[in-house]
Amino acid sequence: MTPRQRAVAARAASVLLRHPDPDVLAALPTVRAAAAGLPGDVARRLVTVADHLATGDPGALTAAYAQTFDFRRRCTLYLTYYTHGDTRARGQALAEVAAVYREAGYALDGELPDFLPAVLELAALAGQPGWRVLHAYRVGVDLLEAALERDGSVYAHAVAAVRRL
């Protein structure tokens, strides 16, 4: 996979792993078109999630997203939680990840710096700094994928695509 394809895949996964609000739903045709230029398994997994979101009832999608990511610690999108839990060490880890954004010249959009879609966005836009964060918290990505697969969540496909990057 080329660096450009990795960036496109990271950006697509970032969109697909965000709350399915009207902006995300409106971006789905763009995500599908972008995925067409990606290697087979990554493209297939991203399109699976995009198709699910595109054909779902917005209210049901919102409820399912909240049920999946907001009420289950084992399915959190906050990567430092997997390695630090709710401890003081997590605060230090968050500060270190926030410093990566600053050093790369990117501001956060109100989310914590370890929010997987934000880290994917950083990887897509800034390259190596974002990939380093993903690599540093790979265990969280692995555990998230396993939990989503156990739950039968469509979002497991997006996380699996991220792992293949």
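Start by selecting helix 1 and helix 3, which pass each other in a left-handed crossing (the near helix is turned anticlockwise from the far one by less than a right angle). Heads up: you're looking at a predicted model, where local features need pLDDT of at least 70, side-chain atom pairs count only at pLDDT 80 or more, and totals for chains, interfaces and linings use all residues. Residues are numbered from 1 along each chain as its sequence is written, and side-chain values use heavy atoms, with hydrogens and water left out.

Now show Ala9, Ala12, Ala13 and Leu16 on helix 1, plus Val42, Leu46, Val49, Ala50 and Leu53 on helix 3: these make the contact (heavy atoms within 4.5 Å). Sorted by class, that's nine nonpolar residues, no polar and no charged ones (nonpolar covers Ala, Val, Leu, Ile, Met, Phe, Trp, Tyr, Cys and Pro; charged covers Asp, Glu, Lys and Arg; the others, Gly among them, are polar).

From helix 3, pick Val42, Arg45, Leu46, Thr48, Val49 and Leu53; they meet Tyr155, His157, Ala158, Ala160 and Ala161 of helix 10. Here the classes come out as eight nonpolar, two polar and one charged.

Last stop: the largest nonpolar core, with 53 residues (buried Ala, Val, Leu, Ile, Met, Phe, Trp, Tyr and Cys joined through side-chain atoms within 4.5 Å, buried being under 20% relative accessible area with a 1.4 Å probe, protein chains only). Leu46, Leu116, Leu134, Leu144 and Tyr155 touch the most other members. Helix 7, residues 116-126, gives the largest share, seven residues.

Technical notes. Helices (H or I, at least four residues) and strands (E, at least two) are DSSP runs, numbered from the N terminus. Buried means under 20% relative accessible area, exposed over 50%, partly exposed in between (1.4 Å probe, protein chains only).
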